[in-house]
Structure formats: structure tokens, C-alpha cells
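Biologist: Before I read anything into the side chains, could you take me through how such features are defined and then show me the case at hand?

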Amino acid sequence: RLLLPRISSGQRQLANMLVVLGFLLRLIDISLWWVTFGPIKTLRLMLRAAPKVKAVSDAADAPRRLADYPTLTTTLYPKDNLISIFDLVQRSVKQYSDRPCLGTRAFLGTQKFDPKKGQRFDPEVFGDTNWVTYAQFGHRLRAFGMGLKAMGMVAQPEAENFETVADKKVPCSLAIYENTCADWQTAAHGCFSQSMVSCTYYPSLTCTCSSCACSLSACASTCTSAL
């Protein structure tokens, strides 16, 4: 037969007290909701509620868009009128100025691989991460861009296609020969800050490919480091 655990009288009294306490707490919660005009606030929210998305037409398969933006937009933040990558970066610099932006870990070398750990190649060892804040990044990219301008580079002129600009040999394009890192980001966004063109190519490319990329992009200068 089924044996149920015995409940002492003390445990039964405690359970009854908890039930009563829960009832009282619910009663207090409902009373406060009424006293603070909770029903009126709820009704106002229901009346003001508007659909977040709506169809662009009455067709059954019509695409849906945000109700606040019935037409296609050219920016992630239409209310801020951000139309370029530089505008987006500046928004982040202002909004997250004291937060970490770019992290760099110094390469310390390699260690002998350990087959017991499932390693097949010598693992690379890196140091602690050093962070650059958004404010510091914003200052660096502006300084880099002004440095390019001081060297004689200019903003890309308006043209129907870049080939027209390249044929005129306008010094508005910078070649960045570097692995992806914080300095790479600084150089690229420094170009954007002055409406210049950045052409990136990497050490993994052969000399022939790198020379071809630099020639086709009509780069006036090259930015690199000791790789």
C-alpha cells in the first residue's frame, strides 16, 4: 500500500500561515494597484498602443516595415541623419566614450605543442588585453586623418565611378598593408574621416597580387608596419 509522509502539527500550522501570508500580500498588491490608478494607466496604454509593423500594401504577401518608417531608409538611425560609416562611428564615440572599443593582445611567442592536450601545432601565446576606449579611438582616427591631409592627400572628388578618379591620379586612396588589428581600424576610419578611400590587402597575398591591388586602386600612399 502507498505510504504518505507524516506531517506534524507544527508543519501544518506553518503551511496555513504561509497561505494566509500569501493571500495578504496579494491583497496589498491589488490595493496599491487600485490606489495608484493602475486601471486607468492600463487603459491608456491599450488605447495608445500602435502596431510596430505594417504592410506596405493590401496584398497577402506584401512586405512589412516598421510603422515609424513607411519608406525604405538609407541609415540605421534615420532620426539622427547618419549617412556614412564615419557618422556611425562618431555616434558610438559620443554614446560610449568611456567604454572599451578596441582590444589588443601582445604576441609573446609560441610553445611546444603537447599531443596529450590534442595539440598538433605549436600554440601561440598572447599577453593580457589592452583596451582603447571609444573616446581614445575617436581621437586617434581624427589625428590619423588630419595627418593624411597634411601629407598632401585629398578627399575623393565626386564622380560617377572610381575609375574616373583613378585615371586622373587624384591622391585620395590609401593602401593599408597590415593584418586586421587596432591600427588597421584606426587607419581605415582615419581615411573615412576625411572622405578618402582605403584599400586593404594582407601579407597573406603574394607580391604579385599585392602589387596588382595597389595599382588598380591607384593608391597615393601606403600604410604598413613591421610585419
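Modeller: Let us begin with accessibility: a residue is buried under 20% relative accessible area, exposed over 50%, and partly exposed in between, using a 1.4 Å probe and protein chains only. Arg91, at 23% relative accessibility, therefore counts as partly exposed. This is a predicted model, in which local features need pLDDT of at least 70 and side-chain atom pairs count only at pLDDT 80 or more, while totals for chains, interfaces and linings use all residues. Residues are numbered from 1 along each chain as its sequence is written, and side-chain values use heavy atoms, with hydrogens and water left out.

Biologist: Which side chain meets Arg91 in a salt bridge?

Modeller: A salt bridge is a side-chain nitrogen of Lys or Arg within 4 Å of a carboxyl oxygen of Asp or Glu, and here the partner of Arg91 is Asp80, at 3.3 Å from N to O. Asp80 lies in the loop between strand 2 (64-66) and helix 3 (85-95), and Arg91 in helix 3, so the pair ties together parts that are 11 residues apart in sequence. Helices (H or I, at least four residues) and strands (E, at least two) are DSSP runs, numbered from the N terminus. Asp80 has 43% relative accessibility and so is partly exposed.

Biologist: Is Gln90 buried or exposed?

Modeller: Gln90, which lies in helix 3, has 12% relative accessibility and therefore counts as buried. Contact means heavy atoms within 4.5 Å, and, leaving aside residues up to four places away in sequence, Gln90 touches Leu141 and Arg142.
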